Amino acid sequence: MNKSIDILSIGEVLIDFIGHEVNTSINRTKDYHRFLGGSPTNVAVNASRLGLNSVLVASCGQDGLGDYIIRKLKANKVNTAQIGKSDTLPTSVIFVSKSTETPDFIPYRQADCEIYEEQLPDAVLAEAKIFHTTCFALSKNPARTTILNRAKRAKELGLQLSIDINFSERIWPNREEAKQVIKEYLSYDPLVKLSEDDCYRLFAEVKSEEFIFDYFHALGANTICLTKGKNGVVVSDVKEGLLFQKAIPLEEIKDTTGAGDAFWTGFLYAQLHEYDLNTSISIAQKLAAIKLQNVGRLPDNLEISKLISL
């Protein structure tokens with residue numbers, strides 16, 4: 001059956017105010033530049049830039065920043081039909097330090113969590129191939145309940161689920177609650193993306209790769225992708241075992257914000273095109289490398305053929 005939606009990306013849409021001075025703490029940053037942000041939003045935009053049909057399911061405010069979000073999404077050819085606009089809450093914003101490592105941030109969460117089931121009807125699910133979300137999106141109701149309920153339905157309809165476990169205690173202070181919600185979502189066998197930083201924050205201590213993979217496989221995920229920054233990428237797959245790739249060496253890193261989202265979009269793109277896991281990791285790494293060398297979003301002149309010529 002020919003489905004019209006490649007990726008349903010569900011979760012936070014917000015404005016990232018990214019500091020203009022590199023490696024400067026937020027308390028010393030004077031100038032911020034405005035960017036469309038939110039991990040599922042980045043995935044939806046990146047997917048569209050790769051020629052996929054992506055639909056973003058999210059909510060913003062009835063305000064100037066909300067108007068900016070819709071305008072930018074449409075300019076990037078992302079389907080905005082499932083985006084809600086809150087009558088009572090303003091658009092969520094996050095202030096981010098520009099960093100070559102893991103950036104510092106301060107979230108001001110408002111309308112992003114107002115995601116309701118009517119934004120994800122069966123008719124939309126039935127047209128989609130991948131159902132993607134994040135820990136951030138699952139951290140707060142009503143979005144959490146909506147996403148868990150519709151994830152169950154998506155699984156019944158045969159969609160491939162996906163999650164970025166971008167856990168942060170600043171977004172989700174209750175770790176045990178987070179683990180329970182992740183457990184429920186992972187029971188639907190999503191493709192799992194997480195970073196070493198995410199794991200450190202989720203478990204509040206350094207855990208071995210073996211622990212991490214065993215933990216998430218036991219919850220029901222068959223394919224787990226652990227990104228380790230300059231130390232490369234490890235994928236643990238129930239059928240194929242462990243796969244490791246070194247990081248692509250880069251002379252200069254301009255902006256790490258959104259690099260993980262670029263990586264994961266590349267991985268999902270490759271999976272949609274039925275590439276093997278090694279090829280999927282390579283394509284993902286190439287896209288992340290391009291993002292690390294560009295401030296804000298991916299550049300306009302992306303040539304997919306070059307990305308996937310390995």
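## Ground rules

Residues are numbered from 1 along each chain as its sequence is written, and side-chain values use heavy atoms, with hydrogens and water left out. Because the model is predicted, local features need pLDDT of at least 70 and side-chain atom pairs count only at pLDDT 80 or more, while totals for chains, interfaces and linings use all residues. Helices here are DSSP runs (H or I, at least four residues), numbered from the N terminus.

## A helix tucked inside

Let's start with H1, residues 39-49. Among the buried ones are Ser39, Asn42 and Arg49. After H1 comes Gly51, with a positive phi near 90 degrees.

Two packed helices are described by the angle between their axes and the distance between the axes. Axes are lines fitted to C-alpha atoms over the stretch in contact, and angles run from 0 to 180 degrees between N-to-C directions.

H5 (residues 143-156) and H6 (residues 175-186) pack at about 25 degrees, axes 10 Å apart. They're therefore roughly parallel (angles under 35 degrees). Touching (heavy atoms within 4.5 Å) are Arg144, Ile147, Leu148 and Ala151 of H5 with Glu177, Val181, Glu184 and Tyr185 of H6.

## H7 across H8

H7 (residues 196-203) and H8 (residues 209-218) pack at about 75 degrees, with axes 12 Å apart. That makes H7 roughly perpendicular to H8 (65 to 115 degrees). Cys199, Leu202 and Phe203 of H7 meet Phe211, Ile212, Tyr215 and Phe216 of H8.

Notes: Helix = DSSP H or I, 4+ residues; strand = E, 2+ residues; numbered from the N terminus. Parallel < 35°, antiparallel > 145°, perpendicular 65-115°, else oblique. Buried < 20%, exposed > 50% of the residue type's maximum accessible area, 1.4 Å probe, protein only.
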